[in-house]
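Subject: Structure handover

Hello,

Please find the structure below, followed by notes on what was found in it.

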Amino acid sequence: MLIVLRKGAGQEQITPILQALEAHGLRGVPMPGAERTNIAVLGVPTPEDAEAVGALAGVVEVVRVSKPYKLCSRETQAADTVVQVGSVRVGGGTPVVIAGPCSVETREQTLAAARAVRAAGAHMLRGGAFKPSTSPYQFRGLGEEGLRILAEARAETGLPIVTEVMSPDQVELVCRYADVLQVGARNMQNHYLLDAVGRTDKPVLLKRGMSALVEEWLLSAEYIMSAGNHNVILCERGIRTFERATRNTFDLSVVPLLKDLTHLPVLADPSHGTGLRDLVAPMALAALTAGAAGLIVEVHPQPELALKDGAQSLTPAAFDTLMEEVRALSGFLAERRALRHGVMVPA
Ligand code: PEP
Ligand code: MN
């Protein structure tokens, strides 16, 4: 249920409504918008609850939210969410590019990657210090040492850091270094981790689980938001299908689909989405054309020596070329948007 307030309604109206909801065993979450603040209602309201709340001061309308996810639903908030990371805006219209190695391997490798992606025009640096690993015998990351290296790379390049957190007990440590907490595909439904990152004030990059339905993915975003953290960025990274020619099946159709379902920004990860270096640039451009708010791309100074995901990592030179294409395409897409907008404005 969504309570639509009249324009200009303030705390004097909001507080009694929140109290009334509580008295009915429900929880209200104010959703400030450009024009007015609305209140999303969590819980299972009865028609009687809706009627009682509808009669309160400042309430224009009580709307049923048909989806099982509420806070992230487009029904609850019409305007796109923009997630601010330092001076970078994710979802603000200009595509954001996060780039860097799959894993932090050494100080030299990470600094070289950071310098290269910075020079090419990336907006944030990625790199895993805690790595998910299919086999217990593979590299699982440098842990806190990796986080320290990322912090050094940020200090030198000014790029905010995006890095993965794998368990609730790591959240506090990772928060001390990261600008954005990445929840990986394997943890998309680790609900205790979602609760824990939801209690922080760090933006969260929530990757799609490898066999997650869109609805399950959005319910995971809902976990984070219902714990208090509304700065959620979704990221499509491919799903597992019968196809083996690519590492995953990159499901770009969810990008425009999610625009209807949620106000949260959606990024695309063509590196994990395809698993193949040569497919990364074409699918990156396809993702932006489909409306993605940006990209997360793996770049390694020497992909052939990478401890993880070398086959899908771009060289610095290939990333530089991709960034030129990204700039040209975003200019074109922005022009088309302006034109469409201009055409739609009545004379
Ligand atoms: C990664 O970003 O390196 C990663 C492990 O991604 P995913 O969780 O999408 O597999
Ligand atoms: Mn990787």
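How do the residues of the shell around ligand 1 divide into nonpolar, polar and charged? Three are nonpolar, three are polar and seven are charged. Please keep in mind while reading that this is a predicted model.

**Ligand 1**

There are 13 residues around ligand 1, and those that come nearest are Arg 126, Lys 131, Ala 185, Arg 186 and Arg 237. For the side chain of Glu 298 the distance is 3.3 Å. The protein covers 97% of the accessible area of ligand 1, which on its own has 300 Å². As for the site itself, ligand 1 takes up the space of the second largest pocket.

**Asp 269**

In the chain, Asp 269 sits in the loop that runs between strand 13 (266-268) and helix 9 (270-274). Is Asp 269 buried or exposed? Asp 269 is buried, because its relative accessibility is 0% and the cut-off for buried is under 20%.

**Helix 10 and what follows**

Helix 10 is made up of residues 277-289, and its buried residues include Val 280, Ala 284, Leu 285, Ala 287 and Leu 288. In general, residues three or four places apart in an α-helix point the same way, because there are 3.6 residues a turn. Gly 291 follows helix 10 and has a positive phi, near 110°.

**The loop between strand 14 and helix 11**

Asp 309 is in the loop between strand 14 and helix 11. The phi of Asp 309 is positive, about 60°, although the residue is not a glycine. Thr 315 is in the loop between strand 14 (294-298) and helix 11 (316-344). With a relative accessible area of 29%, Thr 315 counts as partly exposed, because that value falls between the limits of 20% for buried and 50% for exposed. Between the C-alpha atoms of Thr 315 and Gly 93 there are 27 Å, and the two residues are 222 residues apart along the chain.

Where is Ala 245 found? Ala 245 is in the loop between strand 12 (232-236) and helix 8 (254-261). Ala 245 counts as exposed because its relative accessibility is 57%, and exposed means over 50%. The C-alpha atom of Ala 245 is separated by 45 Å from that of Leu 2, a residue 243 residues away along the chain.

Val 255 belongs to helix 8. Its relative accessible area is 1%, so Val 255 is buried. Val 255 and Gly 184 are 71 residues apart along the chain, and their C-alpha atoms are separated by 18 Å.

Regards

Conventions:
Residues are numbered from 1 along each chain as its sequence is written. Chains are lettered from A and ligands numbered from 1 in the order in which they are written. This is a predicted model: local features need pLDDT of at least 70, side-chain atom pairs count only at pLDDT 80 or more; totals for chains, interfaces and linings use all residues. Side-chain values use heavy atoms; hydrogens and water are left out. A residue is near a molecule or strand if one of its heavy atoms lies within 4 Å of it. A polar contact is a pair of N or O atoms within 3.5 Å; within protein, one must be able to donate a hydrogen and the other to accept it, and residues adjacent in sequence count only if both atoms are side-chain atoms. Accessible areas come from the Shrake-Rupley method with a 1.4 Å probe; for residues, only the protein chains shown count as cover. On a 1 Å grid over the protein atoms alone, a cavity is a set of points where a 1.4 Å probe fits but cannot get out, and a pocket is an open set with protein on both sides within 12 Å along at least five of seven lines; lining residues have an atom within 4 Å of a point. A molecule sits in a cavity or pocket if more than half of its atoms lie within 2 Å of its grid points. Ala, Val, Leu, Ile, Met, Phe, Trp, Tyr, Cys and Pro count as nonpolar, Asp, Glu, Lys and Arg as charged, and the others, Gly among them, as polar. Helices (H or I, at least four residues) and strands (E, at least two) are DSSP runs, numbered from the N terminus. Buried means under 20% relative accessible area, exposed over 50%, partly exposed in between (1.4 Å probe, protein chains only).
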